[in-house]
Amino acid sequence: MSRLRVNSFSVSLDGYGAGVSQSLEQPLGLGGENLHHWMFGTRLFRELFGGQGGSTGVDDEFARRGFADVGSWILGRNMFGPVRGPWPDESWKGWWGASPPYHTPVFVLTHHPRATLAMAGGTEFRFVTDGIHSALQQATAAAGGLDVRLGGGVSTVRQYWRAGLIDELHLAVRPVLLGSGEPLWNGIDLRALGYECAESVAGERATHVFVRKRA
């Protein structure tokens, strides 16, 4: 049975999943790039973008685990790109170049319709305008029995979390303080929603914490 998973979601020690002032030049917001330094040097990250080398170890292991048994993805509109409001045209095709690292159907939440976008390597962006439940239903059907990975951003994760739809969330907690940005868990009572901290492992540059629904 398909699960909805969040993997390798980087968060600061003070609970921010992205910095302020996200833009084309600063897609992760001011200071947000620091949240992801644990992954940038891993061998998996290099492989995803055609590079070589990179570190192995705990961080690389958990990053790889996030790509196993995934049959489809869900992304928020801001995760797909910086364009806001109605699509002016179809020139924006994501941050990742001609061959994005997903290699599955990717369901993008948006308020504005857009035609399906097929990319090299098997990635196909499908734009969903009728909400998070519809996106999950479509992604589950497309996953063919594998899991659905929820890629973010912060607002999208919070929506699915509040609805109790996430089965497992892997947080990569970085020892940095942003001070401001997009808070991940403010106002969300995880215990009341039936979640528990199931696993915590120290990596080389982040601590990996798994939050799961109680059985």
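A cavity here is a set of points on a 1 Å grid over the protein atoms alone where a 1.4 Å probe fits but cannot get out, with lining residues having an atom within 4 Å of a point. This is a predicted model, where local features need pLDDT of at least 70, side-chain atom pairs count only at pLDDT 80 or more, and totals for linings use all residues. Residues are numbered from 1 along each chain, and side-chain values use heavy atoms, without hydrogens or water.

By this rule you'll find 1 cavity of 30 Å³ or more. The largest cavity holds about 40 Å³, a volume being the space filled by probe spheres set on the points. Its lining includes Gln22, Asn78, Arg84 and Trp95.

Now for the rings. There are 15 aromatic pairs, meaning Phe, Tyr or Trp (six-membered ring) centres within 6.5 Å, with planes under 30 degrees apart called stacked, over 60 edge-to-face and the rest tilted. Here are two edge-to-face ones:

| Pair | Centre to centre | Angle between planes |
|---|---|---|
| Trp92 and Trp95 | 5.0 Å | 80° |
| Tyr102 and Phe125 | 6.3 Å | 80° |

Tyr102 sits in the loop between α4 (77–80) and β4 (105–109) and Phe125 in strand β6 (residues 124–128), so their pair ties together parts 23 residues apart in sequence. Helices (H or I, at least four residues) and strands (E, at least two) are DSSP runs. Trp95 is partly exposed at 29%.

Note on methods
1 Å grid on protein atoms, 1.4 Å probe; cavity = no way out; pocket = protein on both sides within 12 Å on 5 of 7 lines; lining within 4 Å. Buried < 20%, exposed > 50% of the residue type's maximum accessible area, 1.4 Å probe, protein only.
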